[in-house]
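This text walks through one structure in a few steps. Look at the sequence and the fold first, then read on.

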Amino acid sequence: MTILVSGGAGFIGANFVLSWLERHDETIINLDKLTYAGNLDTLKDLRGNNRHVFVHGDIGDREQVSELIARHRPRAVINFAAESHVDRSIHGPGDFIQTNVVGTFNLLEAVRGYWDGLPEDEKSAFRFLHVSTDEVYGTLSKDDAPFNELNRYEPNSPYSASKAASDHLVRAWYHTYGLPVLTTNCSNNYGPYHFPEKLIPLVILNALLGKNLPIYGDGQQIRDWLYVRDHCSAIRRVLQEGKIGETYNVGGWNEKPNLDVVHAICAILDELKPKADGGRYSDQIVFVKDRPGHDRRYAIDAGKLERELGWKPQETFETGIRKTIEWYLANQDWVRNVTSGDYRDWVGKQYEAQ
Ligand code: NAD
C-alpha cells in the first residue's frame, strides 16, 4: 500500500514522513515544491530507503499530480503543502493564494479524477486528509472559550484567509462530489526541524548567537502550543479512524503568552548552555513594533478528537520545549545548512542527483 503526502519536506510534513516510516511498512510518495521552507536535509537519513519516494513538484500542477497518483495508486493523500508564514503573507499574499487556494483546488481535482475511477472497495477505503490551522477561526479575547469545530471562520491574515478558503474547498468537494475528506485544524506546532523564521527556533538560534530576541508588541499574544510529533500522531489517528466529512481540532491544551515562551526557552538555555560571560539569555529580549492584524489569542478545544477518537498529546509544553532545545543544540549542522547558502547549494545538487 502507498500513501501520498504533499509538502513532506517542510517542518510538519517531514516530521510526519519520518514518524510514518518508523511505524508502517507502506511506501510514502512525497510531493514537494521545495520552496525556501522545503528542506531535503531533514530527510537525509531516508536516502536509500525505497519506501520513501521524493518527487519535486507543485500541487498546483494538475497534470503532474494526476500522473503521479495514477502511477502510484495511493490509498490516501495527505495535504501538508502550503505557504505557512503569517509575516510573509502580509508582505506578499500572492503566493499564499496560489498554493493554498489554487493549489488545493488543483490537488482536489486531480484526486477526484483518480478516486472517481477506482473500483468500489478501493473507493470507499480512500481518504483525502487536509492539514489546516486554528488561525482560520480568527482571534479570541481573554475570557472566550477555546475554539471548537463549531466556531465560525473569521480569518484575519492573508495566510489564515487562504487556509480558510482551502478548508471550504475541501468541505465542498465532500458535499458536492462525495470525495472522502477529513480536515484537521491544529494549533501552533514546535519541535525538531522547524525553519528558523518562526518564534521558537528563532529565539533558540538568536539566543545562542548572542543576537536580540525580538518580541512583537507587549508579548502577551497567547498561542496554544503542540509538539510536532503529537500533531503527527493526531493526523495518523484521524486518517485511520476519523469520520468522513468531519473536521477535528488538534491542540495541546498549552496556552502561553509569547513572552512566557521566550522566558521558558531562556531559562532552559541558561541551564543547558550557560553564557560564557555569566549573563542571562533573557537579557537579549527586545520589544519590537507589533505585526498588523496580530491575533491576540488562539486556543484550541481538542475535546472532540479525544472523546471520539481517543487521541491525547504525549508531551506537555515543559517536556516538549526541553526536547526541542536539546534537539537544536545537538543538530547545529542542520541549523547551519538551513541558515547558510550551503543548504541551497546542497539541495540543488541533491535534486540533480536523483
Ligand atoms: P512549512 O512552510 O514548513 O512547509 C511547507 C512545505 O510545503 C514546504 O516543504 C514547501 O516546499 C511545500 N510547498 C509549498 N508550496 C508547495 C506547492 N505549491 N506544491 C508542493 N509543495 C509545496 O509548513 P509547516 O509548518 O510544515 O505546515 C504544514 C501544514 O500545516 C500547512 O498546511 C500549515 O498551514 C499547517 N499548519 C501549520 C502549523 C504550524 O504551527 N507550523 C499549525 C497548524 C497547521
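An open sheet of three strands runs in the order 7-9-11, with mixed pairing; strands are DSSP runs of E with at least two residues, numbered from the N terminus, and two of them pair if DSSP finds at least two bridges between them. Its edges are strand 7 (188–190) and strand 11 (255–257), each pairing on one side only. Neighbouring strands in this sheet are turned by 50° against each other on average, direction ignored. The model is predicted: local features need pLDDT of at least 70 and side-chain atom pairs pLDDT 80 or more, while totals for chains, interfaces and linings use all residues. Residues are numbered from 1 along each chain as its sequence is written.

Strand 7 pairs with strand 9 (residues 222–227) in the parallel sense over three bridges. Asn189 stands opposite Leu226 in strand 9.

Strand 7 also gives two or more residues to the shell around the ligand, as do helix 1 (11–23) and helix 4 (94–116), among others. That shell has 32 residues, of which Gly7, Gly10, Ala37, Gly38 and Ala82 come nearest; a residue is near if its C-beta atom, placed from the backbone, lies within 6 Å.

Elsewhere, the axes of helix 9 (residues 258–272) and helix 11 (residues 317–330) come within 10 Å and cross at roughly 55°; axes are lines fitted to C-alpha atoms over the stretch in contact, with angles from 0 to 180 degrees between N-to-C directions. Helices are DSSP runs of H or I with at least four residues. Ala264, Ile265, Ile268, Leu269 and Leu272 in helix 9 meet Ile321, Arg322, Ile325 and Leu329 in helix 11, contact being C-beta atoms, placed from the backbone, within 7 Å.

Technical notes:
Two residues are in contact if their C-beta atoms, placed from the backbone, lie within 7 Å.
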